[in-house]
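Welcome! Please take a moment to look over the sequence and the fold, and then we will walk through a few places together.

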Amino acid sequence: GGATTVNEHDDNPETAYRHALEILDRQIKRIDAQQDELNQLRQSTQEAISKVEQMMERHAQTSEQATSRWKLFGKRLIARKPIEQILRESSNTQMKRVLSRLDLIAIGIGAIIGTGIFVLTGVAAAENAGPAVIVSFIIAGVVSGLSAFSYSELASMLPISGSAYTYTYATLGEFIAWIIGWDLILEYMVGAATVAVGWSAYVVSFFKDAFNVEFTPKTTQAPVLWDSKNLAFKVNHGAYINMPAIFISLAVTALLVFGIQQASWLNKTVVVIKLVVVMLFIFGACKYVDRSNYHPFVPPREGSSYGAQGVFKGTQRVFFAYIGFDAVSTAAQEARDPQRDLPWGICASLGLCTALYIAVSAVLCGIISYSELKGVASPLTYALEFHKNTKWLRILIELGAICGLTSVILILLMGQPRIFFTMARDGLFPKVLGRLHSRFKTPYVPTLVSGVVCAALAGVLPVDILGDMTS
């Protein structure tokens, strides 16, 4: 189309040709305009294609980066810390190496003998196993012994303050190590709070027997109680806060900030005191043993208490009593010869304490019926109240219990911040938790954090809840 013919018989051919040229010129201009539109459309299409290609490229890069990040994250979860690096960190520690083999054994005994023997022995007998709590202690001791052998071997191979956290990091990877680290942190923190509540009960009993001073329940008991039958909390009317438990938690925290050597001196002193007191109870109270109190040795089952099930529930409860031998390994970077002395500290302390636990539980269940111990936070002195001429023995036991529980709080609050410290040095916690005090060379930030949280738990929760949480 678009062709124009000129009638040869037109009267004015020139006019016709001029008209035809104008038509052709308009058509050329129209074609040129259409060509410009096509060029613009082509250019805009090419720009759109370029933008889409850029978006696709950025998306591919983002996807690749995301995949790389996930791969890196996945690799980090299973990444293991080289043993050579752990040994290098252990040898280059800035902490003071001042602890001897005897110090490490004392740390183990100081951590183990505490609430388990002075508090939970009576609770487990009354609510779970009856006189068969002796069997519960034996089972828990055997299981703890197997764990102690593993700790001894690993502590001699990897002498660093991280304890089970570091052992897991070197063998199973970062993610499992992170979980184990939190387990240890909660174990030591809640364990220290449990012992602080027991310490408070013995302080109240000591002042009553020695000075005839009675403290009000408003400031010496938890504001809540646990109903094990209905599995619910109950309000402890007339009680608001446990101030002695808060006091001892904060006092021990302050001592630990000032240095491990000062804490070790205090620990050895109170360990000697409580060993003497435990032996006094065993040999001083055995003459009051009534064999009828051992019958039935395994009481008939009542709900979830007593019977064979009760024995194992008692094992679960008194297993808390053995917590502490692992705390020896947290002092690895402050031991003079950790590879030789750590196994000694772990195994010797556990073996001695197991024998004492069995002896104390046997005597306790012999001098009083297990049913009388329900809800009693200081069972040793309570049992002696039923026998004449035992006032001074009760006072000595209360004094020994106070010293013994103090050392347990000391060791647990010593070990827990060192787990914090090691994890922070590995990048799993904020760096501020990995700082050492410039003068005392102690991990003072995690020590303060642990002490405050422990004091808060001890001030508001009862001993049975805290003990079950720890176990």
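Helices (H or I, at least four residues) and strands (E, at least two) are DSSP runs, numbered from the N terminus. This is a predicted model, in which local features need pLDDT of at least 70 and side-chain atom pairs count only at pLDDT 80 or more, while totals for chains, interfaces and linings use all residues. Residues are numbered from 1 along each chain as its sequence is written, and side-chain values use heavy atoms, with hydrogens and water left out.

Most residues other than glycine have a negative phi, and most peptide bonds are trans.

The table sets these two residues side by side; buried means under 20% relative accessible area and exposed over 50%, with partly exposed in between (1.4 Å probe, protein chains only).

Next comes a pair of helices. Helix α6 (residues 164-171) packs against helix α7 (residues 174-211) at an angle of about 170°, and their axes are 8 Å apart. Here axes are lines fitted to C-alpha atoms, for helices over the stretch in contact, and angles run from 0 to 180 degrees between N-to-C directions. The two helices are therefore roughly antiparallel to each other, a label for angles over 145 degrees. On the α6 side, Ala164, Tyr165, Thr168 and Tyr169 take part, and they meet residues of α7 including Trp178 and Leu184. The residues of this contact divide into eight nonpolar, two polar and one charged. In this count Ala, Val, Leu, Ile, Met, Phe, Trp, Tyr, Cys and Pro are nonpolar, Asp, Glu, Lys and Arg are charged, and the others, Gly among them, are polar.

Which residues touch the most other members of the largest nonpolar core? They are Phe118 and Phe281, in a core of 117 residues. Helix α13 (residues 391-425) gives the most to this core, with 17 residues. Such a core is a set of buried Ala, Val, Leu, Ile, Met, Phe, Trp, Tyr and Cys residues joined through side-chain atoms within 4.5 Å. In soluble globular proteins, nonpolar side chains tend to be buried together. Leaving aside neighbours within four places in sequence, phenylalanine 118 is in contact (heavy atoms within 4.5 Å) with residues including Tyr202, Val278 and Leu405.

Serine 152 sits in helix α5 (residues 133-157) and is buried, with a relative accessible area of 7%. A polar atom of its side chain lies 2.8 Å from the backbone oxygen of alanine 148. Beyond its neighbours within four places in sequence, serine 152 is in contact with Pro343, Ile346 and Cys347.

Our last stop is histidine 437, in the loop between α13 and α14 (444-460). The side chain of histidine 437 reaches the backbone nitrogen of arginine 439 at 3.1 Å and that of phenylalanine 440 at 3.3 Å. Setting aside neighbours within four places in sequence, histidine 437 is in contact with Thr442 and Tyr444.

Notes:
Parallel < 35°, antiparallel > 145°, perpendicular 65-115°, else oblique. Polar contact = N/O pair within 3.5 Å; in protein donor to acceptor, adjacent residues only side chain to side chain.
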